[in-house]
Amino acid sequence: MIQINIAINGPTVSGKTTVGKFIAEKLQYQFINTRIFYRYLGYLSYQQLNNTSVYNILEIFNNNLKLNYSFNNITKIINNLNEEDYYLIGRQGSKLSENQDMRQLINQHIRQITNGKGFVVIGRDVIFNILPDAEVKIVLFANLDTRVLR
Ligand SMILES: Nc1ncnc2c1ncn2[C@@H]1O[C@H](COP(=O)(O)OP(=O)(O)OP(=O)(O)O)[C@@H](O)[C@H]1O
Ligand SMILES: Nc1ccn([C@@H]2O[C@H](COP(=O)(O)O)[C@@H](O)[C@H]2O)c(=O)n1
């Protein structure tokens, strides 16, 4: 069967993960949440004794990705962190995500992974920046009150 890529955008708590995983399971596609790569940047930065030197982290990140650190490997590392570390690397990832070189590297990496099709990719900038050529694009919306209740 022909495979495609499906990109899902939407604000926080709009249901991207729930819907994305559901679709991926139904179609037997692979699921990618782009945030994992930003958290991984934060993780590497912490491993380097909180060294936020952008080009140092960028090089390590690039080398690790070349060593086939797949989305699943990275997800395992991140999901095994305790709550405090998970929070800290999120903040660090957020800081580093302001760097355009970092964003380009992550975006390129995601494009490479998904080149063979058969992926559901969720995140803030998936539709417009990462996979503008995805065959199916979904923008999820839930109003603020609903999202707060969730
Ligand atoms: N259609 C829905 N109706 C009710 N609750 C929902 C619905 N979709 C998702 N939820 C609930 O809302 C919460 C957030 O959902 P989800 O993690 O899928 O959102 P998200 O957009 O991926 O969020 P984030 O970007 O913050 O990670 C979860 O507790 C989920 O069970
Ligand atoms: N597509 C994305 C995803 C994430 N980020 C940045 O990473 C930080 C960590 O992600 P969380 O969704 O887990 O908070 C986040 O704060 C963003 O700064 C991004 O830039 N683009």
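Colleague: How far is an oxygen atom of ligand 2 from an N or O atom in the side chain of Arg-124?

Modeller: In this predicted model, the separation between an oxygen atom of ligand 2 and an N or O atom of the Arg-124 side chain is 2.8 Å. The protein covers 86% of the 440 Å² of accessible area that ligand 2 has on its own.

Colleague: At what distances do the side chains of Arg-35 and Ser-97 have an N or O atom from an oxygen atom of ligand 2?

Modeller: For Arg-35, a side-chain N or O atom is 2.6 Å from an oxygen atom of ligand 2. For Ser-97, the corresponding distance is 3.1 Å.

Colleague: Which residues surround ligand 2?

Modeller: Ligand 2 is surrounded by Thr-34, Arg-35, Tyr-38, Arg-39, Ser-94, Ser-97, Arg-103, Arg-124 and Asp-125. By class, that shell holds five charged, three polar and one nonpolar residue.

Colleague: Which helix gives the most to that shell around ligand 2?

Modeller: Helix 2, which covers residues 35–47, gives the most, with three residues.

Colleague: And which pocket does ligand 2 take up?

Modeller: The space taken by ligand 2 is the largest pocket.

Colleague: Let us turn to ligand 1. What surrounds ligand 1?

Modeller: The surrounding residues are Pro-11, Thr-12, Val-13, Ser-14, Gly-15, Lys-16, Thr-17, Thr-18, Arg-35 and Arg-150. Arg-35 is also listed among the residues around ligand 2. The shell around ligand 1 divides into five polar, three charged and two nonpolar residues.

Colleague: Which helix gives the most here, to the shell around ligand 1?

Modeller: That is helix 1, residues 16–27, with three residues in the shell around ligand 1.

Colleague: How far is the side chain of Lys-16 from an oxygen atom of ligand 1, taking its N or O atom?

Modeller: An N or O atom in the Lys-16 side chain is 2.7 Å from an oxygen atom of ligand 1. Ser-14 takes part through its backbone, where an N or O atom lies 3.2 Å from an oxygen atom of ligand 1. For Arg-150, a polar side-chain atom lies 3.3 Å from a nitrogen atom of ligand 1.

Colleague: And how much of ligand 1 does the protein bury?

Modeller: The protein buries 58% of the 630 Å² that ligand 1 exposes when taken alone.

Colleague: Back to Val-13 for a moment. What is the phi of Val-13?

Modeller: Phi of Val-13 is near 65 degrees, a positive value in a residue other than glycine. Most residues other than glycine have a negative phi. Val-13 sits in the loop between strand 1 (5–9) and helix 1.

Colleague: Why does Val-13 count as partly exposed?

Modeller: Val-13 counts as partly exposed because its relative accessibility is 42%, and partly exposed lies between the 20% limit for buried and the 50% limit for exposed.

Colleague: What about Lys-117: which loop holds Lys-117, and what is its phi?

Modeller: Lys-117 is in the loop between helix 6 (100–113) and strand 3 (119–122). Its phi is positive, about 70 degrees, although Lys-117 is not a glycine. With a relative accessibility of 29%, Lys-117 counts as partly exposed.

Colleague: A change of topic: helix 2. Is Phe-37 buried or exposed?

Modeller: Phe-37, which is found in helix 2, counts as buried because its relative accessibility is 1%. Phe-37 and Thr-75 are 38 residues apart in sequence, and their C-alpha atoms are 8.6 Å apart in space.

Colleague: And Leu-44, buried or exposed?

Modeller: Leu-44 is buried, with a relative accessible area of 1%, and Leu-44 is likewise found in helix 2. From Leu-44 to Asn-56 the C-alpha distance is 9.9 Å, at a sequence separation of twelve residues.

Colleague: How far apart in space are Asn-80 and Leu-44, C-alpha to C-alpha?

Modeller: They are 15 Å apart in space and 36 residues apart in sequence. Asn-80 is in the loop between helix 4 and helix 5 (83–96). Asn-80 is exposed, with a relative accessible area of 66%.

Colleague: Last one: where does Lys-76 lie?

Modeller: Lys-76 lies in helix 4, residues 71–79, and counts as exposed at 55% relative accessibility. The C-alpha atoms of Lys-76 and Asn-9 are separated by 23 Å, and the two residues are 67 residues apart along the chain.

Definitions and conventions:
Residues numbered from 1 in each chain as written. Chains lettered and ligands numbered in written order. Predicted model: local features only at pLDDT ≥ 70, side-chain atom pairs only at ≥ 80, totals over all residues. Heavy atoms only, no water. Near = heavy atom within 4 Å. Polar contact = N/O pair within 3.5 Å; in protein donor to acceptor, adjacent residues only side chain to side chain. Areas by Shrake-Rupley, 256 points an atom, 1.4 Å probe, with all protein chains shown as cover. 1 Å grid on protein atoms, 1.4 Å probe; cavity = no way out; pocket = protein on both sides within 12 Å on 5 of 7 lines; lining within 4 Å. Sits in = over half its atoms within 2 Å of the grid points. Helix = DSSP H or I, 4+ residues; strand = E, 2+ residues; numbered from the N terminus. Nonpolar A, V, L, I, M, F, W, Y, C, P; charged D, E, K, R; others polar. Buried < 20%, exposed > 50% of the residue type's maximum accessible area, 1.4 Å probe, protein only.
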